[in-house]
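Trainee: Could you take me through the reading of a few features, beginning with the enclosed spaces?

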Amino acid sequence: MRNPLSERIVEIAPSGIRKFFDIVSEMKDAISLGVGEPDFDTPWHIRDEGIYSLERGRTFYTSNSGLKELREEIARYLHRRYAMEYDPYSEILVTVGGSEAIDITMRAMLDPGDEVLIPQPSFVSYEPCAVLAGGVPVRINLKEENEFRLTAQELEAAITPKTKLLVLPFPNNPTGAVMERKDLEAVAEVVKRHDLFVLSDEIYGDLTYLNQHVSIASLPKMKERTVLINGFSKAYAMTGWRLGYACAPKIILEQMLKIHQFAIMCAPTTSQYAAVEAVKNGDEDIAMMREEYNGRRRFLMHRFREMGLSCFEPYGAFYVFPSIREFGMTSDEFANRLLREEKVAVVPGTAFGACGEGYLRISYAYSLETLKGALERVEHFITGLRGGQ
């Protein structure tokens with residue numbers, strides 16, 4: 001019998017995030033700090049709009065690009081927040097989560113052999129999506145001494161004649177790192193000099209705690225080189241609604257839309273009606289959740305200092321990335337022992353790239369009470385490790 005499987009698919013490893021949580025689901029009294037999902041319910045006024053759309057019988061396909069009202073509201077939001085101008089009729093596409101937007105961006109832009117620069121540690125989907133699109137992933141290892149930011153020098157060193165696309169994953173999952181305007185300006189100069197394009201994943205753009213997020217697409221002559229990706233999962237606590245969007249120059253978006261038409265047709269109609277309400281009237285919801293996350297972030301940093309656990313201070317998303325190098329274990333070994341001995345699940349840093357070795361990702365998208373209980377167990381665990389050395 002012939003092999004029914006694609007070798008390209010078989011060679012892609014499954015997500016390194018999920019295996020711990022399959023174990024946790026079967027483990028009594030375990031605490032999970034690993035899932036990057038807001039613990040808040042979707043605000044009621046957003047849910048109400050989704051319910052109302054069902055009551056009104058709005059259960060049909062929307063246009064392939066998404067509801068006109070939603071695309072118009074996204075354009076207004078981008079202007080209001082970042083002073084960016086996008087045509088809602090030719091430069092905005094509503095997708096099934098930010099994940100679909102990442103996938104179809106790469107499929108629309110890459111030819112076989114094109115190199116995609118992927119700063120790591122970063123979200124698990126970029127590399128597989130590049131491979132599935134026929135591209136060649138090229139990793140740029142980010143460094144803690146640079147606060148896990150991408151420097152212009154690191155970018156320059158990774159470019160070859162085959163380089164076409166740079167993934168810019170900030171605010172970052174898993175590190176919580178952010179790129180400030182001066183960092184982006186330096187990167188943008190390299191991008192323009194080498195005639196590259198950028199996939200800017202800004203799904204955590206509304207969750208920054210020191211300065212307002214800056215999009216590289218807002219810099220001079222960068223909009224025409226950038227596909228900006230965002231969505232509703234993180235900022236509006238709408239993970240299960242599966243809704244995102246991409247903003248791009250018309251020439252790129254037309255090809256993304258073609259893939260979207262054949263593979264998806266349109267994003268969920270109910271979710272789109274709810275998202276109109278979210279973008280129009282959800283700024284206060286974001287502010288409230290952001291403040292709560294910031295309190296949790298500060299609590300974790302305080303507890304890490306009390307424990308003597310090294311962790312650079314993140315200013316975006318809802319993750320911390322502490323170092324466990326002092327314990328002489330791999331990230332996977334540490335996470336497995338912590339789960340087995342203290343029933344606390346975290347994600348090994350290597351799930352986000354080999355350069356994540358020696359780190360753990362801890363999500364603070366959990367209640368303060370949950371975080372306090374988990375950190376007591378973590379402290380007990382590392383105290384035991386230090387006592388045995």
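**Cavities and a helix**

Mentor: By the rule used here, there are four cavities of 30 Å³ or more, a cavity being, on a 1 Å grid over the protein atoms alone, a set of points where a 1.4 Å probe fits but cannot get out. This is a predicted model, in which local features need pLDDT of at least 70, side-chain atom pairs count only at pLDDT 80 or more, and totals for chains, interfaces and linings use all residues. Residues are numbered from 1 along each chain as its sequence is written, and side-chain values use heavy atoms, with hydrogens and water left out.

Trainee: What is the volume of the largest cavity?

Mentor: The largest cavity has a volume of about 60 Å³, the volume being the space filled by probe spheres set on the points. Its lining, made of residues that have an atom within 4 Å of a point, includes Ile74, Tyr77, Asp206 and Asn230.

Trainee: Which residues of helix 13 are buried?

Mentor: Buried means under 20% relative accessible area and exposed over 50% (1.4 Å probe, protein chains only), while helices are DSSP runs of H or I, at least four residues, numbered from the N terminus. In helix 13 the buried residues are Leu371, Ala374, Leu375, Val378, Phe381, Ile382 and Leu385. They cover an arc of only 125° around the axis, taken from the directions from the helix axis to the C-beta atoms, and therefore lie on the same side of helix 13. The face turned away from that buried side carries the exposed residues Glu369, Glu376, His380 and Gly387.

Key
Helices (H or I, at least four residues) and strands (E, at least two) are DSSP runs, numbered from the N terminus. On a 1 Å grid over the protein atoms alone, a cavity is a set of points where a 1.4 Å probe fits but cannot get out, and a pocket is an open set with protein on both sides within 12 Å along at least five of seven lines; lining residues have an atom within 4 Å of a point.
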